Amino acid sequence: MASARDIAQRPERAVSYSLSVSPTATMHSPPSSQQSFAAGGLASRIKPKQLKPFITTDIKILLLENVNQSGRDLLTKQGYQVEFLKSSLPEAELIEKIRDVHVIGIRSKTKLTEKVLREAKNLLVIGCFCIGTNQVDLTYAAKNGIAVFNSPFANSRSVAELVIAEIITLARQLGDRSNEMHRGTWNKVSAKCWEVRGKTLGIVGYGHIGSQLSVLAEAMGMSVVYYDVVTLMAIGTAKQVPTLEALLQEADFVTLHVPETPETKNMISTAQFEQMKSGSYLINASRGTVVDIPALINAMRSGKVAGAALDVYPNEPGGNGDYFNSSLNTWGDDLRALNNLILTPHIGGSTEEAQRAIGVEVAEALVRYINQGITIGSVNLPEITLRSLTLDEPDHARVIYIHRNVPGVLRKVNEILADHNVDKQISDSKGDIAYLMADVSDVKVDDIKEISDSLEALSSKILTRVLY
Ligand SMILES: NC(=O)C1=CN([C@@H]2O[C@H](COP(=O)(O)OP(=O)(O)OC[C@H]3O[C@@H](n4cnc5c(N)ncnc54)[C@H](O)[C@@H]3O)[C@@H](O)[C@H]2O)C=CC1
Ligand SMILES: O=C(O)C(=O)COP(=O)(O)O
């Protein structure tokens, strides 16, 4: 069976395949979520047409890492073939599986490197059912016309709440007391146990999670300082400080909410622990690479750091089981031996609310992209939308042309479209990649084939799709 990307790249197959169905035969009303993308008030009166360059049952989707049922249901309802796995896959198995699919849905564990993506010959789009997209080679994906979507803030609140819980848990040594009681030991102590009221929380990275946390921390009577590479509006009475060092010197609790980038790798290491207040606490629910763990172990052994909570690690297992051992991370035993250290298995965003919302948000973005070519919310392609074609427009086609951002392309594309009536057209670029969408009317199947062939022949081409 021809894949969508095959179809897109080899128009002769696309069109002969499309001939087996009438372009209008596949029309039906899309889910209500898509209607909001139709122009304003028109949406309520005019039924948008669902565009499909293929029979939806040909679309193959692989969902890894236990993507929420809400997302699975939405994709299945579209008629796509959805394969679901609870865990991530080792690289070799991933490569085997990814060859065959048009869409892959992942969370934070699946590494979609250039090596893996090179094998993904049919892949149109990647859905990251999480916030972070550091696990995907976004540049390689864009250069090959593969869109990437994520859910930028649906689990932010869950992370912020977890951090609040950890601040109090560390201040009161609750983890240790609970562990002792589980072992039958009654150890009633108040030494070095504190209220959080009046203490200073230092937030590194004042984005969605950091700023949400700021509000919650102030409600508990904490003072908030934050450090960010961008100058950002302070919420409440929080105060931005100019350097990481200034934050580390002032904060009783330091919490990290930066993305994984080359700049944030080992952002907290020996020098930073030295700058922290004696007896302060560290929380990391961002990415495992942000903290130099052997340096943390030393800082905790010396008493400089009185407690820490880690939700993320440089190496994390692909699924649940007895995998958090020293063969995964060499310092594992040293870490586990420390007191007042909370270790959680990357559960910051793992709540029913967050996962349900992420499932819907990312699945809807995938459906919009597959069926209509809309890239709103994409993290690696220009964000493009056009008001939907409607059921009143039988001989319309939507042309999508992803191309290298070089001079002269628009002139050539418009020459190709010149013999047809272009109802509306939009184009935008992001770095080296540009995305063009045009709705053309009065086109028959032969016209569509001709347009598609001509676009395919342009040297700037990355990917052509024609939806109708
Ligand atoms: N533990 C978990 O389950 C979860 C972890 N995360 C992690 O948390 C990270 C942050 O999430 P959001 O707040 O949604 O991201 P965001 O993008 O809204 O905020 C990140 C902030 O960090 C700042 N920043 C970037 N580089 C910096 C640097 N070198 N120094 C100082 N500030 C810097 C940015 O300017 C931005 O304000 C995500 O990238 C993800 O890796 C996100 C969700 C769940
Ligand atoms: O949203 C994120 O970036 C997270 O770190 C959460 O990842 P997860 O969906 O739990 O694999």
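This is a predicted model: local features need pLDDT of at least 70, side-chain atom pairs count only at pLDDT 80 or more; totals for chains, interfaces and linings use all residues.
Reader: Which residues in α5 meet α16?
Author: Gln69, Ser70, Gly71, Leu74 and Leu75 do. In α16 they meet Arg356, Gly359, Val360, Val362, Ala363, Glu364, Leu366 and Val367. Contact means that C-beta atoms, placed from the backbone, lie within 7 Å. Helices are DSSP runs of H or I with at least four residues, strands are E runs of at least two, and both are numbered from the N terminus.

Reader: What classes are those contact residues?
Author: The contact of α5 with α16 has 7 nonpolar, 4 polar and 2 charged residues. Ala, Val, Leu, Ile, Met, Phe, Trp, Tyr, Cys and Pro count as nonpolar, Asp, Glu, Lys and Arg as charged, and the others, Gly among them, as polar.

Reader: OK, new topic. What surrounds ligand 2?
Author: Arg107, Ser108, Lys109, Cys130, Ile131, Gly132, Asn155, His346, Gly349 and Ser350. Each has its C-beta atom, placed from the backbone, within 6 Å of the ligand.

Reader: And the classes in that shell?
Author: The shell around ligand 2 has 2 nonpolar, 6 polar and 2 charged residues.

Reader: How many helices and strands are in the protein?
Author: There are 18 helices and 16 strands.

Definitions and conventions:
Residues are numbered from 1 along each chain as its sequence is written. Chains are lettered from A and ligands numbered from 1 in the order in which they are written. Two residues are in contact if their C-beta atoms, placed from the backbone, lie within 7 Å.
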